[in-house]
Amino acid sequence: MQGLRNIFRKSWSSAERLDGKTVLITGANSGIGKETAIDLAKRGAKVIMACRDMDRAQAAVKDVIESSGNQNVVCMKLDLAEGKSIREFAEAFNQGEPRLDILINNAGVMMCPYGKTADGFEMQIGINHFGHFLLTHLLLDLIKRSAPARIVTVSSMAHSWSSINLDDINSEKSYDKKKAYSQSKLANVLFTRSLAQRLKGTGVTAYSLHPGVVQTELWRHLGGPEQFFLTIAKPFTKNSAQGAQTTIYCAVEPSLEKESGGYYSDCAPASCSAPGRD
């Protein structure tokens, strides 16, 4: 039913400007991260694209500048699978940037083969949640000083497929790539709710969202059955520009200024799973 409602829902748009504001987007060299960067650059923001692969990042910066007409777009190296890289990035950012108005935790991996981050976390929970958790924590003082400010974390409807397995958070006893992905996306929702509570009264608000089923590079690790399903479903999926809309909505929509901790889909409040509300 929600899918049908979304088909007939009026599409969201806003002329909101971001002149003088600084935006940081992780994983912005492709997909919805890059489309988000283009949109927010068009609104006049200084956009900093945090990426692991600097060759691809520099090519993406050129595209964003060309598409937006905004020269104030740069990239910085960040590997969310390595705590050392996150700390070095945060230190450079805190020293080099006077403000951070919007942090968009967008980077992620999806249903990849089993692996661990440099710090020993299972790859999906490590990058999708723990990496962004540490990054947000290290930038929080700067974000607070920039208030009103926003923290937007890209989750997924997949958060409802699983729970947090505290007894085996790193999937060392058994690994199900779908459950591990779901767990990481549920962690994004819970992290957002926790931030909203901790940041009450600071002028910093937090949002999590489901971007939709988007045709991006995240699909590359899917197996035969999932690939077949997605091929069938392709007419109902979103391209990257469409998939970025709810991220952009959470970043700029003025009516959300007094809201915090919510979960959004198709540029509107959405209901999350019971574990996501726990």
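The model is predicted. A search of the whole structure gives 7 aromatic pairs and 0 disulfides.

**Aromatic contacts**

- Among the 7 aromatic pairs found in the whole structure is that of Phe133 and Phe191, which is tilted, with 5.3 Å from centre to centre and 45° between the planes.
- Phe133 belongs to helix α5 (residues 123–145) and Phe191 to helix α6 (residues 177–198), so this pair ties together parts that are 58 residues apart in sequence.
- One aromatic cluster is formed by Trp12, Tyr207, Tyr249 and Tyr264.
- Trp161 has a charged group over its ring: the charged end of Lys178 sits 5.7 Å from the ring centre.

**Cysteines**

- The search for disulfides covers the whole structure and finds 0.
- For Cys75, the closest cysteine sulfur is that of Cys51, at 6.4 Å; this is too far for a bond, because a disulfide requires the sulfur atoms to be within 2.5 Å.
- For Cys250, the closest cysteine sulfur belongs to Cys267 and is 7.8 Å away, again too far for a bond.
- Both Cys75 and Cys250 count as buried, Cys75 with a relative accessibility of 18% and Cys250 with 0%.

**Helix α3**

- The buried residues of α3 are Ala57, Ala60, Val61, Val64, Ile65 and Ser68.
- An α-helix has 3.6 residues a turn, so residues three or four places apart point the same way.
- The buried residues of α3 pack against α2 (31–42), β2 (46–51) and β3 (73–77).
- On the face of α3 turned away from its buried side are the exposed residues Asp55, Lys62 and Glu66.

Definitions and conventions. Residues are numbered from 1 along each chain as its sequence is written. This is a predicted model: local features need pLDDT of at least 70, side-chain atom pairs count only at pLDDT 80 or more; totals for chains, interfaces and linings use all residues. Side-chain values use heavy atoms; hydrogens and water are left out. Rings of Phe, Tyr and Trp (its six-membered ring) pair if their centres lie within 6.5 Å; planes under 30 degrees apart count as stacked, over 60 as edge-to-face and the rest as tilted. Helices (H or I, at least four residues) and strands (E, at least two) are DSSP runs, numbered from the N terminus. A charge sits over a ring if NZ of Lys or CZ of Arg is within 6 Å of the ring centre and within 35 degrees of the ring normal. Buried means under 20% relative accessible area, exposed over 50%, partly exposed in between (1.4 Å probe, protein chains only). Contact means heavy atoms within 4.5 Å.
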